[in-house]
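Please open the model in your viewer and keep the selection tool at hand.

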Amino acid sequence: MLNLDYRDARPIYEQVRDGLRRLMVTGAIQEGEKLPSVRSLASRLAINPNTIQRAYESLEAEGYLYSVPGKGSFAAPHTGVDQGRKEELLGRFDAVAAELLFLGVGGETLVERVHRLEGGETA
């Protein structure tokens, strides 16, 4: 499910957050699916439960999951992702696309790759 890289410069909670986000975006974790409890995931990864809690809180703030008191955390519908996260990602996309264009990758290639992603294929 999640792999932690202790040589990665990012904090562990960011690795957990990004890993869970990736699983939700790729469909490995489906909308409405219950996520592991903080304690069980912390135990499985052999890290402090506060680290998992921080990752869950960050994902909830971004709209990727929601919590139900006494029930746990669940993957949110795709419409729940907040506008700030969308703007951040679009800004990163623009920067990467501009660099690729500068490096000679044609606009048609970029469009083709986006269409391939829309169809569920991986690049």
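In which helix does Gln53 lie? Gln53 lies in helix H3. Helices here are DSSP runs of H or I with at least four residues, strands are DSSP runs of E with at least two, and both are numbered from the N terminus.

Before continuing, note that this is a predicted model, in which local features need pLDDT of at least 70 and side-chain atom pairs count only at pLDDT 80 or more, while totals for chains, interfaces and linings use all residues. Residues are numbered from 1 along each chain as its sequence is written, and side-chain values use heavy atoms, with hydrogens and water left out.

**Stop 1: the whole chain**

Display the entire protein chain. Five helices and two strands make up its elements, and along the sequence they follow the pattern α-α-α-β-β-α-α. The C-alpha trace spans about 50 × 35 × 25 Å along its principal axes. Of the 123 residues, 30% count as buried. Buried means under 20% relative accessible area, exposed means over 50%, and partly exposed lies in between, computed with a 1.4 Å probe on protein chains only.

**Stop 2: helix H2**

Select residues 38-45, which form helix H2. Val38, Leu41, Ala42 and Leu45 are buried there. These residues lie on the same side of H2 because they cover an arc of only 100 degrees around the axis; the arc is that of the directions from the helix axis to the C-beta atoms. On the other side of H2, Arg39, Ser43 and Arg44 are exposed.

Contact means heavy atoms within 4.5 Å.

**Stop 3: the loop between H2 and H3**

Select Ala46, which lies in the loop between H2 and H3. Ala46 has a positive phi of about 60 degrees although it is not a glycine. Most residues other than glycine have a negative phi. Ala46 counts as exposed because its relative accessibility is 67%.

Asn48 lies in the loop between H2 and H3 as well. Asn48 counts as partly exposed, at 42% relative accessibility. Draw a distance from Asn48 to Val38: these residues are 10 apart in sequence, and their C-alpha atoms are 9.4 Å apart in space.

Return to Gln53, which is partly exposed with a relative accessible area of 33%. A line from the C-alpha atom of Gln53 to that of Leu41, 12 residues away along the chain, covers 9.9 Å.

**Stop 4: the nonpolar core**

Which residues have the most contacts inside the largest nonpolar core? They are Val16, Leu20, Met24, Leu35, Ile52 and Tyr56, in a core of 19 residues. The elements that give two or more residues to this core are H1, H2 and H3. A nonpolar core is a set of buried Ala, Val, Leu, Ile, Met, Phe, Trp, Tyr and Cys residues joined through side-chain atoms within 4.5 Å.

Not counting residues up to four places away in sequence, Val16 touches Leu2, Leu4, Leu45, Ile47, Ile52 and Ala55.

**Stop 5: the largest pocket**

Select Val25, Tyr64, Leu89, Phe93 and Leu117, which lie nearest the centre of the largest pocket among its 32 lining residues. The elements that give two or more residues to this lining are H1, helix H4 (83-102) and helix H5 (107-118). H4 gives the most, with nine residues. On a 1 Å grid over the protein atoms alone, a pocket is an open set of points where a 1.4 Å probe fits, with protein on both sides within 12 Å along at least five of seven lines; lining residues have an atom within 4 Å of a point.
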